[in-house]
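I opened this notebook to record what I looked up in the structure, going from the whole chain to single elements and residues.

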Amino acid sequence: MGDFMNAVKDHIQEGLEQAVKFRSSIYKVNQKNAFGVDLNLAAEHLSRIVNFGKEIAIIETDLSDIKDSELGEISGYTSFKKDRIYIIVNENDTSYRKRFTVAHELGHIFMGDLTEENSCFFRSQAIKTSVNKEYIKIEQRANAFASELLMPTKEVEYLIQKGFTTEKLAVIFGVSFSAMRTKVGIIFGY
Ligand SMILES: [Zn+2]
């Protein structure tokens with residue numbers, strides 16, 4: 001189990017580093033958007049840099065009918081089609097959760113987790129209960145990517161130093177107050 005926990009830790013670190021890399025490449029095309037991330041723009045940018053060269057379309061739809069005994073509640077997934085890559089998001093989720101889902105799926109695409117043969121990766125509570133270790137590692141990596149993409153550590157640190165409150169930061173980065181509070185907590189080490 002120790003080895004597995006270390007492998008998960010490594011994946012989380014990698015997800016964070018890959019988000020920093022992706023984020024810095026967006027800056028080159030989006031200088032004026034200093035803080036927070038426009039996910040539509042990020043998807044557009046990603047579709048230009050991933051080697052499939054396909055448009056990435058973000059679609060909101062009702063996923064409550066999809067029942068999966070292992071996956072449980074479903075927030076979204078990515079599907080490769082001939083013409084496009086579709087990121088499907090559960091329309092019943094809150095706007096914050098939808099943003100996280102899109103960022104998570106962008107992470108899968110950016111990090112090359114998906115292929116046409118293996119095109120579905122759902123994000124759900126399953127990560128806590130799944131026995132598939134490979135799945136858990138890849139999911140944790142995509143979650144770390146999403147978190148860092150939405151709340152870049154350097155930007156959050158900078159704004160904290162400027163005196164911004166957690167409430168204000170949540171608005172700036174388009175995340176829930178509790179997600180922002182967790183991030184600020186990690187930065188302060190509590
Ligand atoms: Zn996933």
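For the surface entry I take accessible areas from the Shrake-Rupley method with a 1.4 Å probe. On that basis the accessible surface of the chain comes to about 10300 Å², and 52% of this belongs to carbon and sulfur atoms. I note that the model is predicted.

Next I looked at the overall layout, and found eight helices and three strands in the chain, with the elements running α-α-β-β-β-α-α-α-α-α-α from the N terminus on. Of the 190 residues, 49% count as buried, and among contacts between residues at least 6 apart in sequence, 65% join residues at least 24 apart.

I then turned to helix α8, which covers residues 177-188, and checked its length: at 1.5 Å a residue its twelve residues should span 16 Å, and the end C-alpha atoms are 16 Å apart, which agrees. Its buried residues are Met180, Lys183, Val184 and Gly185, and I found that the buried residues of α8 pack against α5 (133-150), α6 (153-161) and α7 (166-173). Just after α8, I noted that Gly189 takes a positive phi of about 75 degrees.

My last entry concerns Asn90, which I located in strand β3 (residues 84-90). Is Asn90 buried or exposed? Asn90 counts as buried because its relative accessibility is 7%, under the 20% cut-off. A polar atom of the Asn90 side chain lies 3.0 Å from the backbone oxygen of Ile74. Leaving aside residues up to four places away in sequence, I listed Thr61, Asp62, Leu63, Ile74, Ser75 and Lys98 as the residues that Asn90 touches.

Note on methods
Residues numbered from 1 in each chain as written. Predicted model: local features only at pLDDT ≥ 70, side-chain atom pairs only at ≥ 80, totals over all residues. Heavy atoms only, no water. Helix = DSSP H or I, 4+ residues; strand = E, 2+ residues; numbered from the N terminus. Expected span 1.5 Å × (residues − 1). Buried < 20%, exposed > 50% of the residue type's maximum accessible area, 1.4 Å probe, protein only. Contact = heavy atoms within 4.5 Å. Polar contact = N/O pair within 3.5 Å; in protein donor to acceptor, adjacent residues only side chain to side chain.
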